Amino acid sequence: MGKPSGAAPGSRDWTQIYAIYGLDQLHTILFFLFNAVLFTVLSLLYLTYFNPITLFFHRLLPIDTARFAAGFTGSVTALSALCLFFASGHFLYSSLPLHYDVAQRMVGSVNEWSTVKHALDLGCGRGILLNAVATQMKKEGSSGRVVGLDRSKMTSLSSTLRTAKIEGVGEYVTCREGDPRRLPFGDGYFDVVVSAVFVHTVGKEYGHRTVEASAERMRVVGEMVRVLKPGGVGVVWDLLHVPEYVRRLQELKMEDIRVSERVTAFMASSQIVSFRKPSQHVIGPGEVRLDWRC
């Protein structure tokens, strides 16, 4: 299994990616942009009407302090506008070119796509990673299929299938709705399981840092391991919680666990973790057979 960071990213620019996949973070980007424009207008008003604003502060403070307060408030407002513009740009970058490039790296973490019969993309979303997997299977002459599973309604999944057809891999892709904590597949069904910026969203109703949310994420990791064939490969790109995934994978006796360098995505730390399910689990003295559902 190759290193997660070993594959060269694709050569598409963000406009080409956007034309096919659109944006799944559009509401967040628009929120940041709206507030950035609002703070820009406020900072310009501070600059234009600095003296009247200083006089307003002078009603409460000495004149020198009032000038400082007006200047400080205007500076903070301008700095906030810059930060919000940066945040909106970074979310745009993370949603399109970064997501696409990391998908290529994740595909490069699996050496033998030609022998893959069944692959799963958990939380397939718009299909960027799903179609990258399908494209690689097609390129290497695999006769297999990749399943995209998401919690979205079928209308969203039909849009995902549309992107697969645009990419020329429609015959390699199928989508279905399902709960990632109780995957609707038998034990050891998939040769490869992948997931991109999805697992951290599971259990978010409990809050990201709570014990309950962590337990829900660990259920998803356990389900990924359960549906993998012995010798199968899993690759996960996610935000914030990768170290706890690594600990869980170690508890489940996964092999060849590799973690990439940190990459900032969606204004948070992200990493890729890849692993291999043991071909067989030998029970030694004092050991019990592992239950992947734990």
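Predicted model: local features only at pLDDT ≥ 70, side-chain atom pairs only at ≥ 80, totals over all residues.
Okay, let's start with a question: is Lys 253 buried, partly exposed or exposed? Lys 253 has a relative accessible area of 44%, so it counts as partly exposed.

While we're on Lys 253, look at its backbone. Its phi is near 65 degrees, and that's a positive value in a residue other than glycine. You'll find Lys 253 in the loop between α8, residues 242–251, and β6, residues 255–259.

There's another residue like that, Phe 266. Phe 266 isn't a glycine either, and it has a positive phi of about 55 degrees. Phe 266 is in a loop too, the one between β7 and β8. But here the accessible area is 12%, so Phe 266 is buried. Hold on to Phe 266, we'll come back to it.

Okay, zoom out. The chain has eight helices and eight strands. Along the principal axes, the C-alpha trace spans about 80 × 50 × 35 Å. Of the 294 residues, 48% are buried. And if you take contacts between residues at least 6 apart in sequence, 78% of them join residues at least 24 apart.

UniProt, in an unreviewed entry, puts "transmembrane region" at residues 29–47 and 68–93. What does the model have there? Over 29–47 it's 100% helix and 0% strand, with the end C-alpha atoms 27 Å apart. Over 68–93 it's again 100% helix and 0% strand, and the end C-alpha atoms are 37 Å apart.

Let me take α2, residues 26–48. It has 23 residues and reaches 33 Å from its first C-alpha to its last, close to the 33 Å expected at 1.5 Å a residue. Its buried residues include Phe 32, Asn 35, Ser 43 and Tyr 46, and the buried residues of α2 pack against α3 and α4.

Go to α3, residues 50–58, and the buried ones are Ile 53, Thr 54 and Phe 57. Those cover an arc of only 105 degrees around the axis, which puts them on the same side of α3. What covers them includes α2 and also α4, residues 63–107.

Now the rings. How many aromatic pairs does the structure hold? Eight. One of them is Phe 91 with Phe 266, and it's edge-to-face, 5.5 Å centre to centre with 70 degrees between the planes. That pair links distant parts of the chain: Phe 91 is in helix α4, Phe 266 is in that β7–β8 loop, and they're 175 residues apart. Phe 91 and Phe 266 are both buried.

For contrast, take Phe 185 and Tyr 189, which are stacked at 6.4 Å centre to centre and 10 degrees between the planes. Phe 185 counts as buried at 12% relative accessibility, while Tyr 189, at 37%, counts as partly exposed.

Together with Phe 31, Phe 32 and Phe 91 it forms one aromatic cluster. So that's a residue with positive phi sitting in a cluster that also takes in Phe 32, one of the buried residues of α2.

Last one, with a charge this time. The charged end of Arg 145 sits over the ring of Tyr 172, 5.5 Å from its centre. That's my tour, over to you.

Conventions: Residues numbered from 1 in each chain as written. Heavy atoms only, no water. Buried < 20%, exposed > 50% of the residue type's maximum accessible area, 1.4 Å probe, protein only. Helix = DSSP H or I, 4+ residues; strand = E, 2+ residues; numbered from the N terminus. Arc of directions from axis to C-beta. Contact = heavy atoms within 4.5 Å. UniProt positions renumbered as here; feature names shortened; annotations may be inferred. Expected span 1.5 Å × (residues − 1). Phe/Tyr/Trp six-rings, centres within 6.5 Å; stacked < 30°, edge-to-face > 60°. Lys NZ or Arg CZ within 6 Å of the ring centre and 35° of its normal.
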